[in-house]
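Welcome, and please load the model in your viewer. We will go from selection to selection, with a short note on what is there at each stop.

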Amino acid sequence: MTPLEKLKYDVVVIGAGGAGLRAAVEARAAGLRVAIVCKSLFGKAHTVMAEGGAAASMGNVNEKDNWQVHFRDTMRGGKFLNHYRMAELHAKESPDRIWELEVWGALFDRTKEGKISQRNFGGHEYPRLAHVGDRTGLELIRTMQQRIVALQQQDAKESGNAESHIKVFAELTITEILKENGKIAGAYGYWRENGNEVLFEAPTVIVATGGVGKTFKITSNSWEGTGDGHALALKAGANLVDMEFLQFHPTGMVWPPSVRGILVTESVRGEGGILTNSLNERFMFKYIPEVFKDKYADNDAEADRWYLDQDNNRRPPELLPRDEVSRAINAEVKAGRGTEHGGVYLDVSKRIPADVIKKRLPSMWHQFYELAGVDITKEAMEVGPTCHYVMGGVEVEADTAAAVGVPGLFAAGEVAGGMHGSNRLGGNSLSDLLVFGRRAGMGAVEYAKKNPTATVSEKAIADAAARIEAPFSRAGGENSYSLHAELQEVTHNLVGIIRTGKEVEEAIEKIAAIRARSANVAVAGTRQFNPGFHLAFDLDNMLLVAESTAKSALLREESRGGHTRDDFPGMNSKWRQVNHISSFDGKDVNVKAQPLPPIPKELFDLFDIHELEKYMTPEEIAKGGSN
Amino acid sequence: MARKLNLRIWRGDATDGGLKNVEVEANEGEVVLDLIHRVQATQMGDLAVRWNCKAGKCGSCSMEINGKPRLACMTQVSSFPEGEEITITPLRAFPVIKDLVTDVSFNYRKAMEIPSYEHPKNLAPGEARMEQIDVERSQEFRKCIECFLCQDVCHVVRDHEENKKSFAGPRFFIRIAELDMHPLDMLKNRKQKAQEEHGLGMCNITKCCTEVCPEHIRITDNAIIPMKERVVDVKYDPVRWLGSKIRKREGIV
């Protein structure tokens with residue numbers, strides 16, 4: 001057996017998407033030594049899939065935009081369950097994070113004046129999304145990747161060693177976050193190429209592992225979205241907040257089956273695409289909720305005028321927040337007005353000239369043409385909801401991204417909870433990961449200055465090693481692929497887009513049964529690049545995440561954002577006052593309610609009191625903010 | 001409509017390997033990556049393959065399908081006639097790790113050799129002004145998903161390991177072109193460096209890279225040829241020679 005590779009760093013960043021890379025850049029800027037660990041090759045993270053853009057109130061297209069408007073939109077989108085301070089920091093800092101990318105070489109689309117262009121998106125009052133056609137995520141990940149390379153080149157020049165301060169450990173799975181004396185001491189994992197084990201000793205760990213989509217059957221997430229950071233943090237003693245909230249993106253491809261779940265960017269609707277059912281009705285007009293009636297058009301003529309004159313018309317209802325559109329599509333299909341393959345039509349072909357479609361939505365055109373043989377300039381797309389994003393995540397302190405309860409642990413990006421409340425607005429993810437990636441990096445720098453590296457005990461190393469070896473030593477046990485498929489079936493059917501208490505209870509039982517069987521997963525073959533072996537660890541993570549989601553979903557007896565209970569259809573102000581906190585006792589996930597931090601007066605006063613009345617109790621309104 | 005298909009998949013590692021026959025079911029609308037996943041889940045749990053987005057956006061599932069470098073997620077099963085065998089092998093230009101997974105670290109080393117973007121020192125964040133038409137030239141190259149199919153197909157390195165040291169490959173020629181055409185980049189002489197340090201002169205524009213690019217980036221026409229044309233002080237360059245023979249080109253220095 002190969003001897004254990006032991007490494008010492010100041011910071012271990014798990015995940016090389018936008019948040020992880022931004023955190024690494026920040027920590028390196030302070031002179032720290034950073035290990036970036038990722039399951040895939042460098043530059044392949046799921047961030048590349050983000051299409052629409054990054055929301056930042058730069059005001060380049062409509063100068064009325066500012067951080068206060070962005071903050072309001074974000075809170076509205078999240079149905080006021082957001083951690084106010086995270087939403088505030090995000091709205092204030094995202095313009096700087098976008099401009100900074102330009103200094104590192106990013107090339108965004110431009111306005112006529114030569115500024116960064118900004119586009120409309122669901123839930124955003126003004127055109128706000130900085131974008132590059134519909135491949136903004138790729139631009140972001142490439143810019144960050146190239147920034148890392150630039151810093152390594154600088155280090156090579158100064159010290160002769162390109163990896164003196166930042167080293168990327170690609171295709172390495174972390175199986176454990178390690179603690180000594182209640183504080184972070186490092187992380188343990190193995191190289192996917194050969195199964196050789198690695199110990200990172202470090203005072204700080206930043207989890208930036210993205211989402212949990214692979215827990216579900218129909219998802220836009222890649223195989224990497226298995227909730228690793230959620231589960232690793234939970235097992236290390238951190239809490240997860242509001243795991244019942246999952247965003248089902250309303251427009252995933254539904255046909256052909258091989259591409260089921262893959263995303264159709266909201267920009268298609270932002271650019272003029274409309275949703276119709278099998279009766280050719282533009283059905284979204286029927287689904288405008290009371291709280292949004294004054295902002296969304298209830299007729300064709302006004303909705304269409306909005307594309308030309310946004311100041312004097314209400315927005316088309318296709319641009320309602322994602323949860324609303326998902327529920328509407330779901331309802332249409334359920335009522336028998338869906339397409340042959342169980343979706344609805346999204347049509348841009350009759351609305352925009354073909355050459356304009358190809359120019360504004362190039363990768364969408366490409367994706368449909370090459371993956372599905374559909375020419376979106378000539379025919380409608382068939383779309384339906386797909387599991388896209390988890391709002392819930394590691395409970396963190398807003399300013400530092402420090403995980404509550406685990407000194408030395410930080411979380412940023414999708415894996416962190418709180419920022420988006422019960423529903424994330426499109427475009428707020430790319431800006432989130434830049435804003436909080438940087439803050440996590442800063443948080444780690446501050447912490448690492450005061451806390452030296454602890455030595456990881458031999459026992460902890462032996463335990464971690466035993467866990468990695470275990471799947472090979474079990475004879476004739478369970479197959480990780482089959483268990484994964486069973487889990488996806490359970491979550492899809494019982495904790496999916498529409499839930500009932502009875503179904504969720506059933507899900508909790510079934511997930512527990514699968515988890516019991518997963519302790520007996522056996523793997524054939526060797527440690528050398530063995531996907532069945534890799535999946536065994538991903539599966540452990542997904543099972544914990546699914547348990548947390550199901551148990552949180554059972555407690556929340558209302559419908560809000562990415563959590564819809566058929567047995568409790570309305571939104572209830574009392575439920576807005578609590579977060580659901582998941583913790584792990586070594587055996588089970590336990591969920592309890594915790595009061596939401598009250599919103600301070602200066603932020604409370606940014607809203608019209610009548611709007612707040614839709615979300616808050618009369619007592620909260622009377623109090624008028626916390627200070 | 002489900003049908004049975006015969007796949008031949010290369011299995012093995014750096015020491016040894018060969019094609020293995022496997023029968024698998026294929027459904028309507030599926031791509032080759034779907035078949036590989038089905039084989040993995042039902043018959044070969046340890047079959048190694050890289051993939052991520054399964055939507056042609058991340059460039060992970062690069063392999064050779066019937067000898068042609070392709071993304072498995074973008075190769076429709078229906079594009080092969082009924083009865084035709086599908087042979088799947090790892091990228092040939094890179095050392096095999098296991099099965100369909102190769103060691104592509106060559107590309108990351110080359111990325112490290114290309115000087116990075118240099119922003120104008122006096123231009124503060126938010127002050128940049130660029131015309132759309134000017135950013136579009138570089139944007140074409142920034143569409144690159146780093147699948148490295150162009151690197152794999154390029155005959156300069158495909159069967160010539162010895163050339164790898166002095167040749168960056170098409171992926172990095174478009175990276176240099178992108179920076180060279182970036183409206184704000186301050187570093188001078190990128191084209192000359194491409195020629196002198198990164199082996200641009202070794203390319204003799206057979207356009208194989210352009211043909212395999214899943215993003216349809218016009219690597220040869222829009223990046224390599226314009227750079228070759230403008231490189232000054234070349235000792236010998238087949239393009240210049242060819243260009244002057246085929247047709248008169250304006251602006252050749």
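Select domains 1 and 4 of chain A: eight residues of domain 1 of chain A are in contact with six residues of domain 4 of chain A, where contact means that two C-beta atoms, placed from the backbone, lie within 7 Å. On the side of domain 1 of chain A that touches domain 4 of chain A, helix H2 (67–77) and helix H3 of chain A are the elements that give two or more residues. H2(A) brings the largest share of that side, three residues. Helices (H or I, at least four residues) and strands (E, at least two) are DSSP runs numbered from the N terminus. By class, this side of domain 1 of chain A has three nonpolar, two polar and three charged residues. Here Ala, Val, Leu, Ile, Met, Phe, Trp, Tyr, Cys and Pro count as nonpolar, Asp, Glu, Lys and Arg as charged, and the others, Gly among them, as polar.

A word on what you have open: this is a predicted model, in which local features need pLDDT of at least 70 and side-chain atom pairs count only at pLDDT 80 or more, while totals for chains, interfaces and linings use all residues. Residues are numbered from 1 along each chain as its sequence is written, and chains are lettered from A and ligands numbered from 1 in the order in which they are written.

Next, show both chains. Here 50 residues of chain A are in contact with 47 residues of chain B. On the chain A side, helix H3 (84–103), helix H4 (136–159), helix H10 (362–372) and helix H15 (531–555) each supply at least two residues. H4(A) gives the most, with eight residues. The side of chain A that touches chain B divides into 22 nonpolar, 14 polar and 14 charged residues.

Now hide chain A. Chain B has ten helices and seven strands, and its C-alpha atoms fill a box of roughly 60 × 45 × 35 Å along the principal axes. Of the 253 residues in chain B, 49% are buried; a residue is buried if 20 or more other C-beta atoms lie within 10 Å of its own, exposed if 12 or fewer, and partly exposed in between, with C-beta atoms placed from the backbone.

Pick out the open sheet of five strands in chain B, with order S2-S1-S5-S3-S4 and mixed pairing. Two strands pair if DSSP finds at least two bridges between them. Strand S2 (17–26) and strand S4 (68–71) of chain B are the edges, each pairing on one side only. Strand S1 (residues 3–12) and strand S5 (residues 86–89) of chain B run parallel over three bridges.

Finish with two loops. Which residue has a positive phi near 55° in chain B? Glu146(B) does, in the loop between helix H3 (132–142) and helix H4 (149–153) of chain B. Glu146(B) is buried, with 26 other C-beta atoms within 10 Å. Lys207(B), not a glycine either, has a positive phi of about 70° and is found between helix H7 (190–197) and helix H8 (208–212) of chain B. Lys207(B) is partly exposed, with 15 other C-beta atoms within 10 Å.
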